[in-house]
Amino acid sequence: MSILTIDSVTAGYGAQDVLFEVSFHIDYGEIVALIGPNGAGKSTLLKVLAGIIRPRSGTIVFKGTSLVGSSPQSITGTGMSWVPQEENIFSSMTVQENLEMGAYLLGRDVKERIDEVCAIFPQLRDRMGQLAGSLSGGQRQMLAVARGLMIHPDLLLLDEPTAGLAPNLVQMMLEKIKQIAVNMGNSVFLVTQTLDAVRLSDRGYLISAGRIKYEDKTDSFLVNSEVRDLYFGG
Amino acid sequence: MADLLISGIIYGSIITLGAIGLTLMSDILNFFNFAYGDFFTLGAFSALAVLGFLPDMGTFAGLSFGWGMVIAAVTSICVTVSVMLFFDFIFFKRLRNIGVTSLFMSLASLGVSFIIRAAVNIIWGPKVRYYTPAIQISRDLPLGIRMKPDELVILICALILVVAVFYFLKKTKTGKAMRAVSDNKVLAQATGVETDRVIMWTWIVSGVLAAVAGVFYGIQVQLSPTMGWNFLIPLFVAVIMGGVGSFWGALIGGMTIGISEELITGLIQNTFNAVDIQANISVYKPAVAFVFVIVILLIKPYGLLGKRKG
């Protein structure tokens with residue numbers, strides 16, 4: 001059963017379209033990877049889902065409710081949480097304040113929620129009073145994902161959560177994402193450029209020049225000739 | 001020297017109140033509000049108007065004002081905040097919604113500043129006014145410090161207000177939302193923060209600070225329709241010097257500008273007086289502020305505590 005279904009979505013910046021009639025779905029509890037070359041429209045698609053960019057046409061249905069025209073605030077309130085690739089933390093605020101902002105719509109049980117999130121990212125527990133802007137790259141990504149988890153989202157949108165991380169941190173982050181989906185029952189939509197991230201997913205979509213080119217279960221997805229030609233260079 | 005320092009600290013504390021309001025507004029609303037100084041004037045004159053309606057309620061022991069001024073100040077805060085929210089609703093909000101640039105928002109605020117100044121001129125006239133005709137005498141305090149009781153009260157109240165604003169921003173949910181929008185507006189929206197509500201609170205906090213600073217300036221110096229417009233220079237310099245959006249930067253900038261303007265012009269004036277040169281050096285106070293801001297910006301282009309955005 002689908003938690004998110006988008007159908008024929010066209011969107012872009014100004015007069016320029018970036019996404020062209022994009023359609024896909026994510027099922028409950030599923031990790032879905034979206035891969036594609038730079039400029040393919042991956043981050044734009046996440047911004048459309050998060051309500052930052054309004055689609056020109058098409059439908060977006062989340063948990064049975066249409067999200068077209070909804071504000072970012074109300075989309076977050078429905079249980080979808082977006083973690084951007086860049087500028088994904090409040091750098092002038094402390095780690096604790098970042099997590100509290102993640103729970104802005106929660107209103108109560110914030111301390112308990114912080115404890116739960118710190119159980120996934122224990123490295124954050126000792127840095128609660130530290131300014132987020134002074135964290136290392138890996139710690140920032142952990143904080144960004146942790147902030148996204150604070151409202152206990154049904155669907156977590158992650159935009160290249162391993163970008164710029166050292167190889168050992170990439171593996172650690174991917175394990176955390178798997179843990180989030182399996183243990184916490186979240187669905188995850190993962191924009192990525194790494195093979196390992198695709199491997200931990202249940203299904204993959206290939207996007208190129210703003211259009212979905214291919215979709216399949218991970219095993220088949222990774223050996224598909226179109227994916228290999230377009231993304232992995234054959 | 002000590003007298004000049006005290007005078008500078010009092011002046012600096014008033015600048016600091018306005019600078020904190022202006023820095024919040026510049027950062028969250030993303031434009032320099034040239035009308036801010038005239039909201040400061042409006043605050044001061046609103047209090048004058050209320051005092052005119054109130055019966056004589058006497059003065060506090062040793063001070064030039066009493067309960068009447070407290071009532072006038074609270075009313076002036078309500079009036080200033082209401083007028084600010086009114087202008088936001090009929091003017092700035094519409095401009096935001098059609099997506100005008102920061103430059104045009106600033107130019108539009110210049111228009112609002114003319115409207116307010118003209119209204120103050122029409123209602124109260126151009127001449128200088130005072131809350132009270134009474135003259136206060138400085139009193140001796142420990143460590144050889146001489147200070148008027150009014151000045152001590154202004155200093156303590158300014159300090160309380162600065163601490164209150166700091167705790168509001170640091171501890172309350174609304175304050176944290178304001179800081180979040182200031183830090184990263186898109187991310188704040190994505191976490192569920194309603195930016196319209198944050199903008200409203202920014203006007204409210206800035207309005208309270210403008211009104212109180214205006215009343216304090218009226219108590220300490222005098223009232224005139226151009227007081228806020230002239231006050232804009234040290235306010236902007238304090239904000240730019242401290243770094244746009246920085247609470248502590250506004251505090252440091254405000255106090256530095258206040259103290260240095262008083263000290264430097266005062267010392268030069270004393271020197272001129274000693275060698276019998278006739279000159280009114282106090283008119284060069286803004287020059288001191290500008291020299292400071294040029295030097296700071298050459299060394300730290302984003303101000304002392306400011307950070308580059310984007």
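Me: How many bridges join strand S1 of chain A to strand S2 of chain A?

Reply: This is a predicted model, in which local features need pLDDT of at least 70, side-chain atom pairs count only at pLDDT 80 or more, and totals for chains, interfaces and linings use all residues; side-chain values use heavy atoms, with hydrogens and water left out. Residues are numbered from 1 along each chain as its sequence is written, and chains are lettered from A and ligands numbered from 1 in the order in which they are written. Strands (E, at least two residues) and helices (H or I, at least four residues) are DSSP runs numbered from the N terminus, and two strands pair if DSSP finds at least two bridges between them. S1 (residues 2–13) and S2 (residues 16–27) of chain A run antiparallel, and the number of bridges joining them is eight.

Me: Which residue in S2(A) does A:Thr5 stand opposite?

Reply: S1(A) and S2(A) form a hairpin with two residues between them, and A:Gly14 in the turn has a positive phi of about 60 degrees. In this pairing, the residue of S2(A) opposite A:Thr5 is A:His25.

Me: Where is A:Ala209, a residue with a positive phi, found in chain A?

Reply: Most residues other than glycine have a negative phi. A:Ala209 has phi near 50 degrees, a positive value. At 53% relative accessibility, A:Ala209 counts as exposed (exposed means over 50% relative accessible area, buried under 20%, partly exposed in between, with a 1.4 Å probe and protein chains only). A:Ala209 is found in the loop between strand S9 (203–208) and strand S10 (211–217) of chain A.

Me: Is A:Asp109 buried, partly exposed or exposed?

Reply: A:Asp109 lies in the loop between H3 and H4 of chain A. Its phi is near 55 degrees, a positive value in a residue other than glycine. With 43% relative accessibility, A:Asp109 counts as partly exposed.

Me: What is the N to O distance in the salt bridge of A:Arg113 and A:Glu116?

Reply: Both residues lie in helix H4 (residues 110–120) of chain A, three residues apart, about one turn of the helix. An α-helix has 3.6 residues a turn, so residues three or four places apart point the same way. A:Arg113 is buried at 5% relative accessibility, whereas A:Glu116 is partly exposed at 41%. Their side chains meet in a salt bridge (a side-chain nitrogen of Lys or Arg within 4 Å of a carboxyl oxygen of Asp or Glu) with an N to O distance of 2.3 Å.

Me: What area is buried between chain A and chain B?

Reply: The contact (heavy atoms within 4.5 Å) takes 22 residues from chain A and 20 residues from chain B. A:Gln73, A:Phe90 and A:Tyr104 supply 35% of the area that chain A buries there, more than any other three residues. Buried area is the accessible area (1.4 Å probe) that two parts lose on being put together, summed over both. Carbon and sulfur atoms give 56% of the area buried between the two chains, which is about 1,900 Å².

Me: How many salt bridges does the rule find across the interface of chain A and chain B?

Reply: A:Glu100 pairs with B:Lys176, the closest N and O atoms being 2.6 Å apart. B:Lys170 in helix H5 of chain B pairs across the chains with A:Glu97 in helix H3 of chain A, at 3.4 Å from N to O. B:Arg179 and A:Glu97 meet at 2.7 Å, and both are buried. Across the interface, the number of salt bridges found is three.

Me: How many of the residues of helix H6 of chain B are buried?

Reply: H6(B) spans residues 173–183 and is largely enclosed by the rest of the structure. What covers its buried residues includes H3 of chain A together with helix H1 (2–28), helix H5 (149–171), helix H7 (185–190) and helix H8 (195–220) of chain B. Among the buried residues are B:Lys176 and B:Arg179. Of the eleven residues of H6(B), the number buried is ten.

Me: What is the relative accessibility of B:Asp38?

Reply: B:Asp38 is found in helix H2 (residues 36–53) of chain B. Leaving aside neighbours within four places in sequence, B:Asp38 is in contact with residues including B:Arg117, B:Pro225 and B:Trp229. B:Asp38 counts as buried, because its relative accessibility is 0%.
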